[in-house]
Amino acid sequence: NSLGTPLALFFGLLLAGCAGDKSILDPAGQAARDVAMIWWVMLGFGTVVLVLVTAFWLYTFKRSEVVRTPAEERKIARRWIIGGGIMLPVASITALLAFGVPTGQRLLPLPLAEPPEVIEVIGHQWWWEVRYPGAEGGEVVTSNQLIMPAGEPVDFHVTGADVIHAFWVPRLGGKIDMIPGRVNKIRLEADEPAVFGAQCAEFCGAQHAQMQLYVEAVGRDEYDAWLAARQTEALSSLAANDQQHEPAREAFMTHCASCHRVAGLSSEEEGPDLSDLGSRTSLGAGIMAMEEGAVTHWLQHHQRLKPGNKMPPHGDIETATLESLGAWLETLTP
Ligand code: CUA
């Protein structure tokens, strides 16, 4: 019938919120399970309160046959105020608190017998800088991709470079603010290797919604191998690959090196690190898939794809140069 379609749409959309790579209702780690449990308990509580309040509201329409003296009326009113207005809220809020405080406690990065892996995440307008200070052989830096070991706790130390952002991997746990000048810490753990969606969760300007990130949890061995392949030394030989890309490297030094780091060529970190760009799964902080020709497309149309981003338009650079730059950057795959 005529109501069927909108109803199906409404409930379809509601249910769509229960799955997907950014759903808090599809937890993939203990912290996220705790958060989801709080969500369900609060939904249950909220539903009971809604039903009760609605029932009382409907009850007020019922005309009373009983005639009471003002003293009796006051006594009944007082009973309702003390019971429904004070005792009930205090009891339910205390119960929620008793449930929520231990959960919040578990999320704290308290000292462990074996110190967990530390990954630093720095929010920028509108991209992510990711640093691995504990990597053997020296710190590893990447941008817009986060690889973490699965099956063990990982401490994320987060901060902001310009304005306040927030780091949020819904399937792994709660969000945490990235505040310039301050380091906030959150401990997350992924049960199994998988790819999770992440999102900036604090409004940070025009492209806040397009500040996305894929978080990939991998086994310990794969994680160590991934880190080793991103040591400055390993990446430097990558950047110096075959002669055919020499013009692209020159163009990079002219147009890009004042903001972007490519290990072995430049060390500026104003914009995203591009040393291993070819190995990423997405471009522009999660807005488009990495595939052949994607980097060139991004270089040509980035201000249309992500208006306001801090990279200047490239109208003054020849198409052939942009194409050779894009092709070269795509080869940077450890
Ligand atoms: Cu960064 Cu919102």
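1. Some ground rules. Residues are counted from 1 along each chain as its sequence is written. As the model is predicted, local features need pLDDT of at least 70 and side-chain atom pairs count only at pLDDT 80 or more, while totals for chains, interfaces and linings use all residues.

2. Helix H5. Look at residues 232–239, where Leu235, Leu238 and Ala239 are buried (20 or more other C-beta atoms, placed from the backbone, within 10 Å of the residue's own). Viewed down the axis of H5, the buried residues fall within an arc of 95 degrees, so they line one face of the helix (the arc is that of directions from the helix axis to the C-beta atoms). Glu233 and Ser237, on the other side, are exposed (12 or fewer such atoms). The buried residues pack against strand E11 (261–262).

3. Helices H6 and H8. H6 (residues 246–255) and H8 (residues 319–330) pack at about 105 degrees, with axes 9 Å apart; they are therefore roughly perpendicular (65 to 115 degrees). Axes are lines fitted to C-alpha atoms over the stretch in contact, and angles run from 0 to 180 degrees between N-to-C directions.

4. Annotated stretches. The unreviewed UniProt entry lists residues 36–59 and 80–101 as "transmembrane region"; such annotations may be inferred rather than shown by experiment. Residues 36–59 are 100% helix and 0% strand, with end C-alpha atoms 34 Å apart. Residues 80–101 are also 100% helix and 0% strand, with end C-alpha atoms 30 Å apart. Helices (H or I, at least four residues) and strands (E, at least two) are DSSP runs, numbered from the N terminus.

Methods:
Two residues are in contact if their C-beta atoms, placed from the backbone, lie within 7 Å. Angles under 35 degrees count as roughly parallel, over 145 as roughly antiparallel, 65 to 115 as roughly perpendicular and the rest as oblique.
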